[in-house]
Amino acid sequence: MHHEWDNAHTDHTSSTTRPGPSGLAETEADWRHHLAHETPNGWLLNGNSMTTTLASGHPIHLMHTTVALDAIRASGHLYASTGCLVAALYCAPLTAEPAGLRPHNLGTYLLETKKHTRTLVFEITPDAPVPPKGIDYLRLGAIHLRTYLTHRSFLTEPEDTQLRRAVLDRLRAAAPFLDTLLTNAAGTPTPDAEFIDQLAATVPAFPFLGYLYFEVLSEYLMLNSTTAETKAYAQLGEMNNRLYKRLAFSAVQGMDQLFDLSRFYPGHERLLQLVGQIEPGLTADVANFTRQRLSHLFANVALAPGQDAASFTFQDADFDTLAATAPHLLGQLLFREMRITDRYPQLYLAFEQAKALEAWDYWNTEGIPTPFNGTIPKGEIGINTAYPRSGYTVWTAETCERGRLHPIEQLDVALLPRLAELGMTAMRRDKAGKAAGHLRRPV
């Protein structure tokens, strides 16, 4: 169990790599070297202000926006939530300055766009320097699979049958392109434009690819941007979060209301247009980078360690075979398909709290009171509400005309090792009872 969680974390300051499939044209070490040393902003992977603060052992200042301040006051409790941080209270970093607490540019964005929320400020006093290991939600597949197998009894037999059938239907529909991904990862390239168009055509039937597509493009934009805005953030030790926000909101109507990456699938021509609107100089290489990077990443987050990517095929694979050869991908599919079942509101805590308990155990063992999103350290960080060895103080806060946050009122609240109810999370149900942002799409 511990090794699965270890595999789902990335330390960008370390040269240690994880076991992966065989037969790939490039290794994880090759890609780490390229991203860190051959891109303009690659130095921020291991030299950003967030991980530097964590490793210092000094107090950590974070901000959290909420619409539930009255409920927090009344209960005296703060809970974790699911999402890219699995089981943490979602926050953005703050830097203490004489003029006040300066938000990370991700926090500034939240303050600008979430006018209906109130802001809380946390001071976390760690018991020791925090390991700069961030959790990568794209690598949680094996954990999703094991959780399903362990708690499968919570499903009725028809529900379980339908879940497995839906997963296999999606795999069979996408199998030709999934095999193309492995072929590219093994060193036989598809023409860039053709690859991007095939990717875009496959996402609606295989939504997990939308998440990979977006994260690869976010990585490309943040690491390669050379605008004055990006350089100014880099001087502060921050990656430019505005880039991928602009990409998402331009690509998908309504993405600013509900961030749903299953709807992210621009074709080649549209991709060049979107990137050109953000930074024209980045259009020339974006398709080639996406093809190479996404293919490599897919192989690593899909296949079992040691599985030969060059000879593997998804054609006609059954459930038990996939559980052994592609457990990470099977787990991601089960997780996402589960979220659109009719009884998910009743099953939510049974499955997600089980993963939360494991995450908290891993973070507590590793000394991580503040886990962060490790797909790339862009500033998404959370609070481990189950951590027993750090002190914390919570205030309400106001923003001054200079954009600095100032604590106003200290709150008497406790961090609890429990997930928030589904209705308070990004996986809430809409008024029709459907999972918001996770609608059933035909295969």
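**Exercise 1: a helix pair**

In this predicted model, α8 passes α9 in a left-handed crossing. Task: classify the packing of helix α8 (residues 157–185) and helix α9 (residues 192–202) by angle, and list the residues that make the contact.

Solution. 
- Step 1. The two helices pack at an angle of about 140°, and their axes lie 10 Å apart.
- Step 2. Roughly antiparallel needs an angle over 145 degrees. α8 is therefore oblique to α9.
- Step 3. From α8, the contact takes Ala174, Phe177, Thr180, Leu181 and Asn184. From α9 come Phe195, Gln198, Leu199 and Thr202.
- Step 4. Sorted by class, the contact of α8 with α9 has five nonpolar residues, four polar and no charged ones.

**Exercise 2: the cysteines**

Task: state how many disulfides the structure holds, and check cysteine 84 and cysteine 91.

Solution. 
- Step 1. The count of disulfides is zero.
- Step 2. For cysteine 84, the nearest cysteine sulfur is that of cysteine 91, 11 Å away. A disulfide requires the sulfur atoms to be within 2.5 Å, so cysteine 84 is in no disulfide.
- Step 3. Cysteine 91 is in no disulfide either. Its relative accessible area is 1%, so cysteine 91 is buried.

**Exercise 3: arginine 18**

Task: locate arginine 18 and decide whether arginine 18 is buried or exposed.

Solution. 
- Step 1. Arginine 18 sits in the loop between β1 (9–10) and α2 (28–37).
- Step 2. Buried means under 20% relative accessible area. Arginine 18 has 16%, so it is buried.
- Step 3. Beyond neighbours within four places in sequence, arginine 18 contacts Asn7, His9, Thr10, Glu28, Arg32 and Arg139.
- Step 4. Asparagine 300 is 282 residues apart from arginine 18 along the chain, yet their C-alpha atoms are separated by 9.4 Å.

Notes:
Residues are numbered from 1 along each chain as its sequence is written. This is a predicted model: local features need pLDDT of at least 70, side-chain atom pairs count only at pLDDT 80 or more; totals for chains, interfaces and linings use all residues. Side-chain values use heavy atoms; hydrogens and water are left out. Buried means under 20% relative accessible area, exposed over 50%, partly exposed in between (1.4 Å probe, protein chains only). Axes are lines fitted to C-alpha atoms, for helices over the stretch in contact, and angles run from 0 to 180 degrees between N-to-C directions. Helices (H or I, at least four residues) and strands (E, at least two) are DSSP runs, numbered from the N terminus. Angles under 35 degrees count as roughly parallel, over 145 as roughly antiparallel, 65 to 115 as roughly perpendicular and the rest as oblique. A crossing is left-handed if the near helix is turned anticlockwise from the far one by less than a right angle, and right-handed if clockwise. Contact means heavy atoms within 4.5 Å. Ala, Val, Leu, Ile, Met, Phe, Trp, Tyr, Cys and Pro count as nonpolar, Asp, Glu, Lys and Arg as charged, and the others, Gly among them, as polar.
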